[in-house]
Amino acid sequence: MSKNIDNSNQETLIKFPCDFFIKVIGVMNENFTQSIITEIYNIDQSFDATKVDIQPSQHGKYISLTCKVFVTSKSQLDLIYSKLSSHPDTKFVI
């Protein structure tokens, strides 16, 4: 018997609203950074893309983006993680 679990009411140690740092690691290509910025901005219009820390890997195959996002709730944070994780070039979201 399968049971659906709703985590939306799950407790968290994070006090909302707050600034939250999200690191996205993905395959280096010409559209990855802009795609991630657009996904975040679609959820948080106050997102400042000029402050994204961009670090290419040593051999240039991957890229790491550290994004400071203002989140107002756990459900919003979960939505951001979900959207960023579903990008085809994303390897990790931390």
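Two strands count as paired if DSSP finds at least two bridges between them. β1 and β3 meet that condition, as 10 bridges join these antiparallel strands. The model is predicted. The chain contains two helices and four strands, and along the sequence these follow the pattern β-α-β-β-α-β.

**Sheet**

- The four strands form an open sheet in the order β2-β3-β1-β4, with antiparallel pairing.
- β2 and β4 stand at the edges with a single partner strand each, so one side of each has no neighbour in the sheet.
- On average, neighbouring strands of this sheet are turned by 20° against each other, direction ignored.
- β2 and β3 run antiparallel and are joined by four bridges.

**Helix α1**

- α1 covers residues 32-43, which is 12 residues.
- From its first C-alpha to its last, α1 reaches 17 Å, close to the 16 Å expected at 1.5 Å a residue.
- The buried residues of α1 are F32, T33, I36, I37, I40 and I43.
- Seen down the axis of α1, these buried residues fall within an arc of 130°, so they line one face of the helix.
- An α-helix has 3.6 residues a turn, so residues three or four places apart point the same way.
- The cover over the buried residues of α1 includes β1 (18-27), β2 (53-56), β3 (62-71), α2 (74-85) and β4 (90-93).

**Packing of helices on the sheet**

- α1 lies across β1, β2, β3 and β4, and runs at about 15° to β3.
- α2 lies across β1, β3 and β4, and runs at about 10° to β1.

**Core and burial**

- Of the 94 residues in the chain, 31% are buried.
- The largest nonpolar core has 20 residues, and those with the most contacts inside it are I22, I40, V69, I80 and L84.
- At least two residues of this core come from each of β1, α1, β3 and α2.
- In soluble globular proteins, nonpolar side chains tend to be buried together.
- Leaving out residues up to four places away in sequence, I80 touches I22, I40, I43, V69 and V71.
- Among contacts between residues at least 6 apart in sequence, 73% join residues at least 24 apart.

**S64 in β3**

- S64 is located in strand β3, and Q55 has S64 as its bridge partner there.
- The relative accessible area of S64 is 13%; buried means under 20%, so S64 counts as buried.
- With residues up to four places away in sequence left out, S64 touches K23, V24, I25, D53, I54 and Q55.

**Cis peptide bond**

- The peptide bond from F16 to P17 is cis, with omega near -5°.
- P17 is found in the segment before β1.

Key
Residues are numbered from 1 along each chain as its sequence is written. This is a predicted model: local features need pLDDT of at least 70, side-chain atom pairs count only at pLDDT 80 or more; totals for chains, interfaces and linings use all residues. Side-chain values use heavy atoms; hydrogens and water are left out. The expected span of a helix is 1.5 Å times one less than its number of residues. Buried means under 20% relative accessible area, exposed over 50%, partly exposed in between (1.4 Å probe, protein chains only). The arc is that of the directions from the helix axis to the C-beta atoms. Contact means heavy atoms within 4.5 Å. Axes are lines fitted to C-alpha atoms, for helices over the stretch in contact, and angles run from 0 to 180 degrees between N-to-C directions. A nonpolar core is a set of buried Ala, Val, Leu, Ile, Met, Phe, Trp, Tyr and Cys residues joined through side-chain atoms within 4.5 Å.
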